[in-house]
Amino acid sequence: MATTVIGVRQERPARFLASTNGKKAIMAVTGVILFVFVIGHMLGNLQVYEGPEKINAYGHFLKSIPELLWGVRAALLAAVLLHIWSSIGLALRNNAARPKGYARKKNVVSSYASRTMYWSGPILFCFIVYHLLHFTAGIVHPGSDFKEGDIYHNMVASFSVWYVSAWYIFSMILLGLHVGHGASSFVQSLGFNHPRHTPIIKRAAAVFSCLLILGFISIPISVLAGLVK
Ligand code: HEM
């Protein structure tokens with residue numbers, strides 16, 4: 001009897017995670033973790049406007065506590081992998097459940113941003129891989145040599161190359177769409193739906209994602225315009 005009770009208790013979380021609601025909850029929780037990181041990263045990057053000393057010291061500070069750095073890296077990696085795993089699970093389920101011949105009707109009710117979620121996600125994944133090779137590892141670094149620890153130099157040198165800036169600007173716009181839609185569907189996934197509050201939260205998500213895009217893309221634009229050099 002006791003074994004059965006323990007068995008049931010152990011089975012519940014696994015069954016919940018495998019369910020549609022469980023996957024939606026994982027998407028939402030990991031999405032919030034990544035959202036908080038992206039906001040912090042954008043605000044940190046804006047220190048480029050205060051000159052090389054400031055942003056380089058900030059980068060140095062972030063790396064000065066290895067336990068913290070690797071803890072955050074591990075948490076981000078786990079969040080990205082779980083986010084992708086649950087999105088694939090949900091996409092496969094949606095596809096299997098979709099009645100044939102209703103594709104047109106579905107498109108009318110789903111927003112442009114929600115339809116872009118499944119292709120903006122993979123592009124953003126490619127962006128992150130490129131971005132780590134670019135600014136963290138310095139393996140792909142058009143413009144000039146990568147200088148370890150000299151974030152200011154690395155940003156100015158690579159954003160002076162128009163196609164690097166264009167790729168970042170394009171990816172940041174996709175990120176804004178992805179985060180904006182993700183934040184508003186988060187409300188529904190966790191069951192916080194409210195006739196008065198939901199539209200306000202959705203509008204706040206749209207404003208936030210616009211600010212996120214503007215904060216990030218202002219950097220390559222400022223470098224191309226010669227304001228940061
Ligand atoms: C204009 C946009 C962006 C700029 C200029 C930028 C800049 C940078 C720089 C300079 C670094 C290296 C920091 C260092 O070596 O100390 C970095 C690292 C990183 N960035 Fe970005 N970033 C941008 C957008 C993004 C976005 C949208 C994401 C995520 C979706 C992201 C995720 C990361 C991650 C995960 C790291 C590695 C942190 C680590 O060392 O563990 N970045 N970024």
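**How helices α2 and α9 pack**

In this predicted model, helix α2 (residues 20–45) and helix α9 (residues 197–224) have axes that come within 9 Å of each other and cross at roughly 40 degrees.

**The α2–α9 contact**

- The crossing of α2 and α9 is left-handed.
- On the α2 side, the residues in the contact are Phe35, Val38, Ile39, His41, Met42 and Asn45.
- On the α9 side, they meet Phe208, Leu211, Leu212, Gly215, Phe216 and Ile219.
- Sorted by class, the contact of α2 with α9 has nine nonpolar residues, three polar residues and no charged residues.

**The chain as a whole**

- The secondary structure of the chain consists of nine helices and zero strands.
- Along the sequence, the pattern reads α-α-α-α-α-α-α-α-α.
- Among contacts in the chain with a separation of 6 or more, 69% are between residues 24 or more positions apart.

**Burial and surface**

- The chain has 229 residues, and 34% of them count as buried.
- The accessible surface of the chain is about 14,400 Å².
- Carbon and sulfur atoms account for 71% of that accessible surface.

Notes
Residues numbered from 1 in each chain as written. Predicted model: local features only at pLDDT ≥ 70, side-chain atom pairs only at ≥ 80, totals over all residues. Heavy atoms only, no water. Axes fitted to C-alpha atoms, helices over the stretch in contact; angles between N-to-C directions. Helix = DSSP H or I, 4+ residues; strand = E, 2+ residues; numbered from the N terminus. Left-handed = near helix turned anticlockwise from the far one by under 90°. Contact = heavy atoms within 4.5 Å. Nonpolar A, V, L, I, M, F, W, Y, C, P; charged D, E, K, R; others polar. Buried < 20%, exposed > 50% of the residue type's maximum accessible area, 1.4 Å probe, protein only. Areas by Shrake-Rupley, 256 points an atom, 1.4 Å probe, with all protein chains shown as cover.
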